Amino acid sequence: MPSPATRLLLLLLSSLTVMAGATIAPSLPAMAEHFAATPAVDLLSRLVLTLPALLIAVAAWPSGWVIDRLGRRMPLLAGVLLYALAGASGLVLESLAAILVGRALLGLAVAMLLTATTTLIGDLMPPGARERFLGFTASFMGFGGVVFLTAGGLLAELGWRGPFAVYLLALPLLAWAARLPETGGRDAPPLPGGPFPAALAALLYLTATLHMVIFYLIPVQIPFVLRQMQHPSPSLAGLVIAASTLAGAAASLLYPLLLPRLGHRRVFSLGFSVMALGGFVTGLALSTGTLVLGLVIAGLGGGIAMPNYGAWLLARTAPAARGRAMGGLVAAIFMGQFLSPLLAQPVILAAGLPMLFVTAGILALALAALYTLER
């Protein structure tokens, strides 16, 4: 069992990752206005948010292969350093194209950082403690997301570049991360675990992708929903998005209690059912208060489901393949984030933003039914 200091570091490193792209969400409308002369600025400004996800999806599995071959620590350290430098590059870059390059490098950083961190959790935590820690990790990531999103919203009030400063918070963790134990690589001692479960992995990867398509509608689309409701404040957008994230963080704390009672499949059934309800309430909301209620419900469902991916897959994967298994999961999660605005745009054009969230509720309900029926 790792020391309390190591456990805290793993939590802090995890908190840098899943909401890495969403940190700048509150400044998207102002950024689009600043670069209004750029062709296709509406789409490109949204890609500033989601391009890191594409690069993570592309780079995560190769990162997992490197982590399995060479060990966990060096890819982790490289990821932390690149995260800070590439993430903060928007503070100084002068064109939307250059900012997109910086966001692409941020994606490479997160691929290394998150894959290595999740693999280390699998290596260092014994069964039982691992599931509890993954629930706590998902919760901590949610709380970190609240801090990042709230800070991003407040900094966006000073100017659209402000939220890019949040990424510099990674730098103090670099020296601390250098002291982490090495558990992987070809010379590492064997650890307990099963063979690589290809069928289960494929099912979880597909589910994670669809889950993130739904989840990422919140940071990408909610600032524009609030503008339609005559509430264009970036700080309000950050707080509204953070409320959903906070609800998910709280719900993830329930995961160690729910798993022994429900099992992996029914945890997903419950989580996606609650997400579906949140989507319906959000899509039908006529006031800001009802909108926030729907987002909080959706956040609760997502928080219940999120720890289940890593816990289920790590329990069934041999240590020598854990980097690749986690790399595949990270790739699936962030591919969903990247695809979210692309898949949403046709629905928005055909039916409007409210129906987009109703459609997301229907998709979440289908996932709940899949895990209710699947054996």
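Trainee: Which residues does I348 touch, not counting residues up to four places away in sequence?
Mentor: I348 touches Q221, L353 and L356, where contact means heavy atoms within 4.5 Å. Before we go on, this is a predicted model, where local features need pLDDT of at least 70, side-chain atom pairs count only at pLDDT 80 or more, and totals for chains, interfaces and linings use all residues. Residues are numbered from 1 along each chain as its sequence is written, and side-chain values use heavy atoms, with hydrogens and water left out.

Trainee: Where is I348 placed?
Mentor: I348 is in helix α13, residues 322-351. Helices here are DSSP runs (H or I, at least four residues), numbered from the N terminus.

Trainee: Is I348 buried or exposed?
Mentor: I348 counts as buried because its relative accessibility is 19%. Buried means under 20% relative accessible area, exposed over 50%, and partly exposed in between, with a 1.4 Å probe and protein chains only.

Trainee: And L370, what does that count as?
Mentor: L370 has 35% relative accessibility, so it counts as partly exposed. L370 lies in helix α14, residues 353-373.

Trainee: Back to α13. At what angle do α12 and α13 cross?
Mentor: At roughly 155 degrees, and the axes of α12 (residues 288-315) and α13 come within 10 Å. Axes are lines fitted to C-alpha atoms, for helices over the stretch in contact, and angles run from 0 to 180 degrees between N-to-C directions. That makes α12 roughly antiparallel to α13, a word used for angles over 145 degrees.

Trainee: Which residues make that contact?
Mentor: M306, Y309, G310, L313 and L314 of α12, with R322, A325, M326, L329 and I333 of α13. By class, the contact of α12 with α13 has eight nonpolar, one polar and one charged residues. Ala, Val, Leu, Ile, Met, Phe, Trp, Tyr, Cys and Pro count as nonpolar, Asp, Glu, Lys and Arg as charged, and the others, Gly among them, as polar.

Trainee: New topic. Which residues touch the most other members of the largest nonpolar core?
Mentor: L13, Y83 and I222, out of 114 residues in that core. Helix α5 (residues 96-124) gives the most to this core, with 14 residues. A nonpolar core is a set of buried Ala, Val, Leu, Ile, Met, Phe, Trp, Tyr and Cys residues joined through side-chain atoms within 4.5 Å.

Trainee: What does I222 touch?
Mentor: Leaving out residues up to four places away in sequence, I222 touches L217, V240, I241, L291, L295 and F357.

Notes:
Helices (H or I, at least four residues) and strands (E, at least two) are DSSP runs, numbered from the N terminus. Angles under 35 degrees count as roughly parallel, over 145 as roughly antiparallel, 65 to 115 as roughly perpendicular and the rest as oblique.
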